[in-house]
Amino acid sequence: MITKIKKSMKRMVSKALSFLLPLSFFFLASCSDFLDVLPLNDVVLENYWTKESDVTSVLMGCYESLQSEDCVTRMGLWGEVRSDNMKMGVASSQDLEQLVKENILPSNSFCNWASFYQTINRCNILIHYAPQVQELDPNYTLSEMKANIAEATFIRSLCYFYLIRTFRDVPFSREPSIDDLKEYRVPADSFNDVLNNIIADMEDVKDDAQLYFRKPNPDKQREDAEIDNTARVTRPAMYALLADLYLWKGDWQRCIDCCDYVIKFKQDEFDNLLKRRLQNDIFIFNDIPLYMEKIENTSGNAYNAIFGQGNSFESLFEITYNEQLNNNNRNTYISSHYYNGSSSSSSNGRLAAVDEFYEGLPLNSTELFNNKDCRAYESIYQAGTTQFYIGKYSATRAVLDNSKSDWTPSYSWRSDSYAHWIVYRLTEVMLMKAEALIELSNDKFEDAFSLINAVSKRAVNSFAPGTGEVLKFDDYKDSKENMEQLVMDERQRELMFEGKRWYDLVRIARRTGTTKELAKTVTKKQLTNISGIQIRLADPNALYLPYFRNEIKVNPFLQQNPAYHTGDDSDLEKN
């Protein structure tokens, strides 16, 4: 967490330049070269922050830092690997195996949060200096400055949100570490304090973000505008993150209000597509536009658009990788941890899907998936009779044919490491609203069910009420507990392997004040020490990772999570 200008500032400016060039939406690539001329210890940073392009270059460095292998790998693992969705695959690292087995020590490398604090510090630096540039550069307007600060605030808030959901209490600071002789060490703030702070930050700037970076061309069905408006932070993405923050806070009405903003935005966007006759395979499900899953001798267009191609109509913000970019950034989390289409048994995914979700398909439904649910086949790939790999993100296309007696999915496996990583998309916002409605009032159950059912109907190719639908309101309407379970099950089906499931389980445990159901759920996949893991997870502290041993060494303000005190510090000295 010790962030130094020598390692951070120069790198984020120089890397930002390479990040800008191949993407049309990064519109400015010039940067002061004084950092390459003066010794860094002699640099007066104010000499750099003089024009709009300086801010833009550092902003691109914030995105580039979020795009790093360390950040995205942790987004995926922290939010998923301890859940009931994943088990060990092949050729896995010892640290990863210990995460899966719930045998976690402070020496585990996946407890290292350095990449998130590096990203946070870059954002802090930009937010600190952008107002100075706006005063100096007459071409840098106030609205442009506010929009840049809104983007940096989103990235910073997202990083803190990942940190508190993973570690609970974490050091929080809005101050940049800009002196290369100053160590960046602060005490940990409580989960609720950090959550309230990032909500306040987001509220201050949510309407400063741009609505579009490029408006759609009326003569084109798909073009660069879709990439511009999902690979960078727009106002709908701001509201999506705010909705999630309010969901964790338990402020149901504000969560609903933020979701309504996003849903209305997408409805209006779809109306514009209709006027241009460019709706293609987007249809209306319970008043909300979503991609259709066409599966009769053709491809599942929802999967192909959202995960195969990326930057889709349904996307709100995704970490976007570009194969034309000549740098070292790849989404190696997907290529190394999910199935990669290789015939080699030693390289087909460090993680695998838990058998019970897929075993028995397509002839029979499973505990979670109806046998006509396209998401089962798009998320999980069956190799042979007993091997269940993670196919989501790994395939560029998934073709399902339900004209046969049993479905025979076929896949086009990704041959590169450029799968995008989706942070927020429309169906998650719909399910956030449904969850908040259920918690708000019993008389909102039907509205919540309509949202959940829209997501389900898309997955099983059902338009007309009662025709091919899997869910029926009468089965859930009389019980809040049943409605709560329904929305959680639908989130699991819809967002499987997207880094959401463990956090969902933690959120519910925090809300109910007990870890009993979480422990019962996540130990289903374990083969040994089940009772021991359940006992360990009975401690609410154990829902969170320990502070990394190196952070304890260098930051005297940190006190280790009590769930990971072993009676001595021997584990801190292991290499």
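# Exercises on buried charges and a strand pair

In this predicted model, the side chains of Glu498 and Lys392 are joined by a polar contact of 2.9 Å.

**Exercise 1.** Locate Glu498 in the chain, decide whether Glu498 is buried or exposed, and list its contacts beyond its neighbours within four places in sequence.

*Solution.* 
Step 1. Glu498 lies in the loop between α16 and α17.
Step 2. Its relative accessibility is 2%. Buried means under 20%, so Glu498 counts as buried.
Step 3. With neighbours within four places in sequence set aside, Glu498 is in contact with Glu80, Phe307, Lys392, Tyr393, Trp421 and Arg425.

**Exercise 2.** Describe the salt bridge between Arg425 and Glu498, and state where in the chain each partner sits.

*Solution.* 
Step 1. The N to O distance between the two side chains is 2.7 Å.
Step 2. This pair links distant parts of the chain: Arg425 belongs to strand β13, Glu498 to the loop between α16 (480-495) and α17 (501-512), and 73 residues separate them.
Step 3. Arg425 has 1% relative accessibility and therefore counts as buried.

**Exercise 3.** Find the strand that pairs with β7, and give its direction relative to β7.

*Solution.* 
Step 1. Strand β7 covers residues 315-319, and five of its five residues are buried.
Step 2. Four bridges join β7 to β13 (residues 421-425), and the two strands run antiparallel.
Step 3. As an example of the pairing, Glu318 has Ile422 in β13 as its bridge partner.

**Exercise 4.** Why are Lys266 and Glu269 separated by about one helical turn? State also whether these residues are buried or exposed.

*Solution.* 
Step 1. Lys266 and Glu269 form a salt bridge whose closest N and O atoms are 3.0 Å apart.
Step 2. Both residues are in helix α10 (residues 252-275); they are three residues apart, so about one helical turn lies between them.
Step 3. Lys266 and Glu269 are buried.

**Exercise 5.** Classify the exposure of Lys477 and Asp474, then name the residues of the salt-bridge network.

*Solution.* 
Step 1. In the salt bridge between Lys477 and Asp474, the closest N and O atoms are 3.1 Å apart.
Step 2. Lys477 is partly exposed at 37% relative accessible area, while Asp474, at 55%, is exposed.
Step 3. Salt bridges with shared partners join Glu314, Asp373, Arg375, Lys392, Arg425, Arg458, Glu490, Arg493, Glu494 and Glu498 into one network.
Step 4. The whole structure holds 35 salt bridges.

How values were computed. Residues are numbered from 1 along each chain as its sequence is written. This is a predicted model: local features need pLDDT of at least 70, side-chain atom pairs count only at pLDDT 80 or more; totals for chains, interfaces and linings use all residues. Side-chain values use heavy atoms; hydrogens and water are left out. Buried means under 20% relative accessible area, exposed over 50%, partly exposed in between (1.4 Å probe, protein chains only). Two strands pair if DSSP finds at least two bridges between them. A salt bridge is a side-chain nitrogen of Lys or Arg within 4 Å of a carboxyl oxygen of Asp or Glu. A polar contact is a pair of N or O atoms within 3.5 Å; within protein, one must be able to donate a hydrogen and the other to accept it, and residues adjacent in sequence count only if both atoms are side-chain atoms. Contact means heavy atoms within 4.5 Å.
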